[in-house]
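Visitor: I'd like to go through this one with you. Can you put it up, and we'll start with the charged pairs?

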Amino acid sequence: MEKTQPFKYALIKNDIVQAIKTKQLNADDKILSEAKLCKKYNVSRITVTRAINELVAEDYLYRIQGKGTFVKGKQLSEGVSQLSSFTKRMKEKKLKLETRVLETASVTMPVKMANFFNLPSDKNVILLKRLRIVDGELLCLSIAYLMPEFFYWTTLEDMEHESLYDLLENKYDFKLGNATQEFEVGYLNEKNAKFLEISSQDPCLKLSLYSTLSDGRPAQFEETYYVGSKYAYQLLLPAPHSFNNVINIEEL
């Protein structure tokens, strides 16, 4: 009895997966265009699109609009439940971190920072721009705006090898308080996108962080842009019954 031939889209999928597993295709390599795959396998565009869509859904590939489809490499996944330094988190994961300081300057406070903390927008803050490379992969660009009364020392310290938060708390004796973090799709301008070797049209995962000192004074506003194909953010969502013991003030 003859073996049933796999669906043509499954054959395309299998060939691409095998090419990835055998290192014929490596992380961020561009695969053949859909038109070329149609010609290679003598199939319709619908068949190729189905195969590619499934490989994207299964995390083998990722798309960049206007550029093509690429092999998805190792993705860093994090779930951060408290304010902690990027350096510390990478050490805990036993990942090799390289930090490059791209710019330090005194700049006018961004409007978003001024509005969030209810501060005058003409106040100057310290800009600290850093590129983060994890296990040899360009991962993210951090653009931090720091209150100078607490971070005046950043130009004096080795910010490529030291943790900003560790220095703040352990050397300069300013204790961190609470933080608010926002998640959204973000885009970098052409100059900043080049640092991550992406296009200004490529979407990033943008994390905006507003943090205070333990006494409530505004300390920092930071925008971090992660390469979308290399980073995932996890949230632990407790079941509803986890809140059964929480007192409802309206019931008192």
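Guide: A search of the whole structure finds 14 salt bridges. A salt bridge here is a side-chain nitrogen of Lys or Arg within 4 Å of a carboxyl oxygen of Asp or Glu. This is a predicted model: local features need pLDDT of at least 70, side-chain atom pairs count only at pLDDT 80 or more, and totals for chains, interfaces and linings use all residues. Residues are numbered from 1 along each chain as its sequence is written, and side-chain values use heavy atoms, with hydrogens and water left out.

Visitor: Which residue does Glu157 form a salt bridge with?

Guide: Lys171 is the partner of Glu157, with the closest N and O atoms 2.8 Å apart. Glu157 lies in the loop between α6 and α7 and Lys171 in helix α7, so the pair ties together parts 14 residues apart in sequence. Helices (H or I, at least four residues) and strands (E, at least two) are DSSP runs, numbered from the N terminus.

Visitor: Is Glu157 buried or exposed?

Guide: Glu157 counts as buried, because its relative accessibility is 17%. The cut-offs are under 20% relative accessible area for buried, over 50% for exposed, and partly exposed in between (1.4 Å probe, protein chains only). The areas come from the Shrake-Rupley method.

Visitor: What about Glu223, which residue does it bridge to?

Guide: Glu223 forms a salt bridge with Lys206, the closest N and O atoms being 3.2 Å apart. That pair links distant parts of the chain: Glu223 is in strand β9 (residues 218–227) and Lys206 in strand β8 (residues 204–213), 17 residues apart. Both Glu223 and Lys206 are buried.

Visitor: Which residues do salt bridges with shared partners join into one network?

Guide: Lys13, Arg50, Glu54 and Glu58.

Visitor: And Arg100, where does it lie?

Guide: Arg100 lies in strand β4 (residues 97–108). Glu98 forms a salt bridge with Arg100, at 2.9 Å between the closest N and O atoms. Arg100 counts as partly exposed at 38% relative accessibility, and Glu98 as partly exposed at 35%. Arg100 and Ile133 are 33 residues apart in sequence, and 8.2 Å apart in space, C-alpha to C-alpha.

Visitor: Switching to rings. How many aromatic pairs?

Guide: The structure holds 10. Rings of Phe, Tyr and Trp (its six-membered ring) pair if their centres lie within 6.5 Å; planes under 30 degrees apart count as stacked, over 60 as edge-to-face and the rest as tilted. One of the pairs is Tyr152 with Tyr172, edge-to-face, 5.9 Å centre to centre and 85° between the planes.

Visitor: Where do Tyr152 and Tyr172 lie?

Guide: Tyr152 is in the loop between α6 (148–151) and α7, and Tyr172 in the loop between α7 and β7 (176–186), so the pair ties together parts 20 residues apart in sequence. Tyr152 is partly exposed at 45% relative accessibility, whereas Tyr172 is buried at 19%.

Visitor: Which residues form the aromatic cluster?

Guide: Phe116, Phe117, Tyr145, Tyr210 and Phe221 form one cluster.

Visitor: Now backbone. What is phi of Asp28?

Guide: Near 75°, a positive value in a residue other than glycine. Asp28 is in the loop between α1 (8–21) and α2 (34–41). Asp28 counts as partly exposed at 29% relative accessibility.

Visitor: And phi of Asn42?

Guide: Phi of Asn42 is near 55°, also positive in a residue other than glycine. Asn42 is found in the loop between α2 and α3 (45–57), and counts as exposed at 64% relative accessibility.
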